[in-house]
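Here is a walk through a protein model, one region at a time. Keep the 3D view open as you read.

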Amino acid sequence: MIISVASGKGGTGKTTIATNMALSIANAQLLDCDVEEPDSHLFFDMDLEKVEDVYLSVPVVDNEKCDYCQKCSKFCQYNAIAVLPSDILIFPQLCHGCGGCTLVCPKGAITEEKRIIGIIEGGGSDGVEFYHGMLNIGEPMATPIIKTLKKKIDKEKNAILDSPPGTSCPAVETIRGTDFCLLVTEPTPFGLYDLKLAVEVVQHLAVPFGVVINRDGIGDDRVEKFCMERDIPVLMKIPHNEDIARLYSNGQPFVLEMPEWKEEFVRLFNVIQRGDAK
Amino acid sequence: MKQLTIISGKGGTGKTTITAAFASLAENAVLADCDVDAPDLHLILKPDIKETVEFSGLKIAAIDKEKCIDCGKCTDYCRFEAIDEDFNVVNERCEGCGVCEYVCPFNAIHLVDRKSGFAYLSETRFGPMSHAVLNTAEEASGKLITLVRNNARVLANKSNKDLIIIDGPPGIGCPVISAISGVNLVLIVTEPTLSGIHDMERILGVASHFKVPAVVCINKFDINPGNTRLIEKYCAENGLDVVGRIPYDETATMAMIQEMTVVEFSENEFSNNVKKIWENINYYTGKCSENVTINGDY
């Protein structure tokens, strides 16, 4: 079973749900796919070890062979190559690593080298097998790291994927192909607006989904009304609670301090696993 | 014309609440919402849209099924796994590179424009606003952000405004890089949680990598005084100025529900602190140079 935890909006409690669920259920694997700002590991007492580097293949030009014909720069959709009358410039951070320039070069002047854009790290604690990806500072492209990270999913386990915020490439890459998506929201106008966007994404990807309302009580009832109208199951509500907020701020998963919540997460997982949540 | 971007690394720290408050305090500014993935600023500023521009980001491959003989060359060469086993293009994976078009022996594939979203030029009760919405599951949010920023400059020139206030996206990747490159100052909004501190350190790394000056404000500073001290210590050790602290307060949520900025909604400790931060920010933007180049287009 692979469950993604997403939200559209940042700061709604994705990491809270993902970490606490992983700690509550058996045979769990937790993958933090928010590779721009991975935070899940802060909630565990564990040592992370590097598992692998993540590379993009970027072009290298042999100036001896290049005759500055500009075929490569005209082909490149990302403006990653500029050809001057007697020189050629590569902008590695604009390169998506498609390999097109190598293919179109008539002189065989372009080869590729691997450029590290981030790493995958892994560890384990409290029975949870953990991995996350970490995008290097200054690098724009998060998606290749998420793709590499998702290869760590063990089909024999219950994998929980903590998604990045937003509704574009990194979030889509995380949610795609998961068995179920938990959309975490908060009962505010911002939460509702971003939930609507997230719902469009999961529906587009045809992933079954349900909603968790976090900080229940702080806002109004528009999120619940929206879910009711659209027949979207609200699977759990976590009240706005100072103790939970304080534990979060110190990097402590609240199920460890409030064991009654552990049962709630097991119940939530069972509902999803049985397929009752559609 | 000067540009200020509000960022945080971590989502949900209060970027939009603070940006909206600044909008109601600024006297001569254009507002820009560069969180095109999940734009929220319009929920408070209620822009009146004057002009809509369709946005096409990267292109997308289209396969002509009449010509395709399922030879599989495109799938062999595509590095993004964007063509499935039935030879359909997986929209969200296609990066529009054109390799499939190039290798197809039967001329069955062409790159076509992909409609990725809309950019808007609007008017609000606090002045002009540039914003956009990226279609869900679309690519190229960085390019759309560059468009929003260019539109903001057009609006500023047209209406003689001397400041652009940009609500930035979360994270540290391409959208953030597009939203901060070449601006005069970034305000990093953080919160005293371990995640908040961790994310602030990473976003500061990005600001310094792109040589953009940064200042910090701590939202909800009273939810964990120990962590607030850690942030202040970290900033002091790294030569960063903390321009203000804001207490945890339900004013922000209540104002949001009323579609008001916190400054409009009430005059209390919360809004007074935001006002002080705004005054401090004006001091910093006043000091920074006018020479700005926009080079962000990822």
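Start with Thr19(B), which sits in helix H1 (residues 15–25) of chain B. The model is a predicted one. Is Thr19(B) buried or exposed? Its relative accessibility is 0%, so Thr19(B) counts as buried. The side chain of Thr19(B) reaches the backbone oxygen of Lys15(B) at 2.7 Å. Now set aside the neighbours within four places in sequence. Thr19(B) is then in contact with Ile6(B), Leu41(B), Ile165(B) and Asp167(B).

Move along chain B to helix H11 (residues 269–287). This helix of chain B has 19 residues, and at 1.5 Å a residue they should span 27 Å. The end C-alpha atoms are 28 Å apart, which agrees. At the start of H11(B), a side-chain oxygen of Asn268(B) comes to within 3.1 Å of the backbone nitrogen of Phe270(B).

Which residues of H11(B) are buried? They are Phe270(B), Ser271(B), Asn273(B), Val274(B), Ile277(B), Trp278(B), Ile281(B), Tyr284(B) and Thr285(B). These residues cover an arc of only 150 degrees around the axis, so they lie on the same side of H11(B). The spacing has a simple background. An α-helix has 3.6 residues a turn, so residues three or four places apart point the same way. Turn to the other side of H11(B). There, Glu269(B), Lys276(B), Glu279(B), Gly286(B) and Lys287(B) are exposed.

Next comes the interface between the two chains. The size of an interface is often given as the accessible area lost when the parts come together. Between chain B and chain A, the buried area is about 5300 Å². Carbon and sulfur atoms give 57% of that area. In terms of contacts, 65 residues of chain B meet 61 residues of chain A.

The polar side of the interface can be counted too. Between chain B and chain A there are 29 residue pairs in polar contact, both residues at pLDDT 80 or more. Several elements of chain B give two or more residues to the side that touches chain A, among them helix H2 (41–45), strand E7 (127–134) and helix H5 (141–158). H7(B) gives the most to that side, with 9 residues. The count of salt bridges between chain B and chain A is 4.

The side chains of Arg93(B) and Glu173(A) meet in a salt bridge, at 2.8 Å from N to O. Glu173(A) belongs to helix H5 (residues 169–175) of chain A, while Arg93(B) lies in the loop between helix H3 (73–77) and helix H4 (99–103) of chain B. Are the two partners buried or exposed? Glu173(A) has a relative accessible area of 4%, so it is buried. Arg93(B) is at 15%, below the 20% cut-off, and therefore also counts as buried.

What else does Arg93(B) touch? Leaving out residues up to four places away in sequence, Arg93(B) touches Lys147(A), Glu173(A), Arg176(A), Phe80(B), Glu81(B) and Ala82(B). Ile83(B) is 10 residues from Arg93(B) along the chain, and their C-alpha atoms are separated by 8.4 Å. Salt bridges that share partners join Glu173(A), Glu81(B) and Arg93(B) into one network.

Finally, look at salt bridges within a chain. The whole structure holds 24 salt bridges over all chains. In chain B, Lys220(B) pairs with Glu191(B), their closest N and O atoms being 3.5 Å apart. This pair links distant parts of the chain, 29 residues apart. Lys220(B) is in the loop between strand E10 (214–219) and helix H8 (225–237), and Glu191(B) is in the loop between strand E9 (185–190) and helix H7 (194–209). Both Lys220(B) and Glu191(B) are buried.

Lys237(A) forms a salt bridge with Glu224(A), with the closest N and O atoms 3.1 Å apart. Lys237(A) is in strand E11 (residues 234–239) and Glu224(A) in helix H7 (residues 222–229) of chain A, 13 residues apart. Lys237(A) has a relative accessible area of 36%, so it is partly exposed. Glu224(A), at 30%, also counts as partly exposed.

Conventions:
Residues numbered from 1 in each chain as written. Chains lettered and ligands numbered in written order. Predicted model: local features only at pLDDT ≥ 70, side-chain atom pairs only at ≥ 80, totals over all residues. Heavy atoms only, no water. Helix = DSSP H or I, 4+ residues; strand = E, 2+ residues; numbered from the N terminus. Buried < 20%, exposed > 50% of the residue type's maximum accessible area, 1.4 Å probe, protein only. Expected span 1.5 Å × (residues − 1). Arc of directions from axis to C-beta. Polar contact = N/O pair within 3.5 Å; in protein donor to acceptor, adjacent residues only side chain to side chain. Contact = heavy atoms within 4.5 Å. Buried area = accessible area lost by both parts, 1.4 Å probe.
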